[in-house]
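Please look over the chain shown below before reading on.

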Amino acid sequence: MAVRIRMKKLGRRHRPFYRICAMDAHAPRDGREIEVLGTYDPMVRDPDARVVLKLDRITYWLSVGAQPTEKVQILLKKYGPNGTRLEQQKAALERLAQQRARRASLAKAAARAAPASEADNQSTEEKPTY
C-alpha cells in the first residue's frame with residue numbers, strides 16, 4: 001500500500017482549514033485518512049502560527065516510505081523535524097495562545113457585567129398593570 005502525506009480540506013466556503021494526514025495514495029483528497037499528523041489554517045494572521053504538526057508521527061511515516069505532496073513538503077521543510085523556522089513557530093504559537101486567553105478573559109468579564117446591567121434596566125422600567 002502506497003502512503004502519501006497530504007492535506008485534507010475541511011472548513012467552509014471562504015474559510016478553509018486543512019488536516020495534514022497520512023492517506024492511501026489512491027484515496028480521494030477528502031477521503032478516509034490513516035492518521036492525522038497535524039493541521040494547517042491559512043486564515044491565521046501570523047504565518048508561523050498556521051501550522052501545527054506531530055513531529056514524532058511525521059518522522060515515523062517518512063521513515064516507512066510515505067511520500068509528502070508538494071505543499072506538505074514545503075511545510076515540512078519549514079516546520080518539520082529539521083525545520084528552518086521552528087523557533088519562530090514556537091514564539092508565534094505562544095503569542096497566539098496568549099491572545100486567545102486574553103480574549104477569553106475579556107469575554108468572561110463582559111458576560112459577568114451584562115446580566116447586572118440587564119437587571120438594572122428591568123427594575124427601572126415601568127411594569128404594566130392589568
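**Briefing on the predicted chain**

His14 is placed in the loop between E1 and E2, where helices (H or I, at least four residues) and strands (E, at least two) are DSSP runs, numbered from the N terminus. The model is predicted, so that local features need pLDDT of at least 70 and side-chain atom pairs count only at pLDDT 80 or more, while totals for chains, interfaces and linings use all residues. Residues are numbered from 1 along each chain as its sequence is written, and side-chain values use heavy atoms, with hydrogens and water left out.

**The chain as a whole**

- The chain has three helices and five strands, and read along the sequence these follow the pattern β-β-β-β-α-β-α-α.
- Buried residues make up 28% of the 130 residues in the chain, where buried means under 20% relative accessible area, exposed over 50%, and partly exposed in between (1.4 Å probe, protein chains only).
- The chain exposes about 9400 Å², of which carbon and sulfur atoms supply 51%; accessible areas come from the Shrake-Rupley method with a 1.4 Å probe, and for residues only the protein chains shown count as cover.
- Among contacts between residues at least 6 apart in sequence, 37% join residues at least 24 apart, a contact being heavy atoms within 4.5 Å.

**The sheet and its pairings**

- Five strands form an open sheet in the order E4-E3-E2-E1-E5, with mixed pairing; two strands pair if DSSP finds at least two bridges between them.
- The edge strands are E4 and strand E5 (67-68), each of which pairs on one side only.
- E1 and E2 run antiparallel and are joined by 10 bridges, with Lys9 standing opposite Tyr18 in E2.
- E3 and E4 also run antiparallel, joined by three bridges, and here Thr39 stands opposite Val52 in E4.
- E1 and E5, by contrast, run parallel and are joined by two bridges, and the bridge partner of Ile5 in E5 is Pro68.

**The turn at His14**

- E1 and E2 form a hairpin with two residues between them, and His14 in this turn counts as exposed because its relative accessibility is 70%.
- The phi of His14 is near 65°, a positive value in a residue other than glycine.
- Most residues other than glycine have a negative phi, and most peptide bonds are trans.

**Helices against the sheet**

- H1 lies across E1, E2, E3, E4 and E5 and runs at about 120° to E3; the axes are lines fitted to C-alpha atoms, for helices over the stretch in contact, and angles run from 0 to 180 degrees between N-to-C directions.
- H2 packs on the sheet as well, touching E1, E2, E3, E4 and E5, and its direction makes about 95° with that of E1.

**The nonpolar core**

- The largest nonpolar core has 17 residues, of which Ile5, Met7, Ile20, Tyr40, Leu53 and Trp61 touch the most other members; such a core is a set of buried Ala, Val, Leu, Ile, Met, Phe, Trp, Tyr and Cys residues joined through side-chain atoms within 4.5 Å.
- Two or more residues of this core come from each of strand E1 (3-12), strand E2 (15-24), strand E3 (35-40), strand E4 (51-53), helix H1 (55-63) and helix H2 (70-79), and H2 gives the most, with four residues.
- Leu53 touches Ile20, Leu37, Gly38, Ile58, Leu76, Tyr79 and Gly80, not counting residues up to four places away in sequence.

- Asp41, in the loop between E3 and E4, counts as buried because its relative accessibility is 12%.
- The side chain of Asp41 makes a polar contact with the side chain of Arg15 (2.9 Å); a polar contact is a pair of N or O atoms within 3.5 Å, where, within protein, one must be able to donate a hydrogen and the other to accept it, and residues adjacent in sequence count only if both atoms are side-chain atoms.
- Gln89, in helix H3 (residues 86-124), is buried, with a relative accessible area of 9%, and, leaving aside neighbours within four places in sequence, Gln89 is in contact with Asp48, Val51, Val52 and Tyr79.
- Gln67 lies in strand E5 and is partly exposed, with a relative accessible area of 46%; beyond its neighbours within four places in sequence, Gln67 is in contact with Val3, Arg4 and Ile5.
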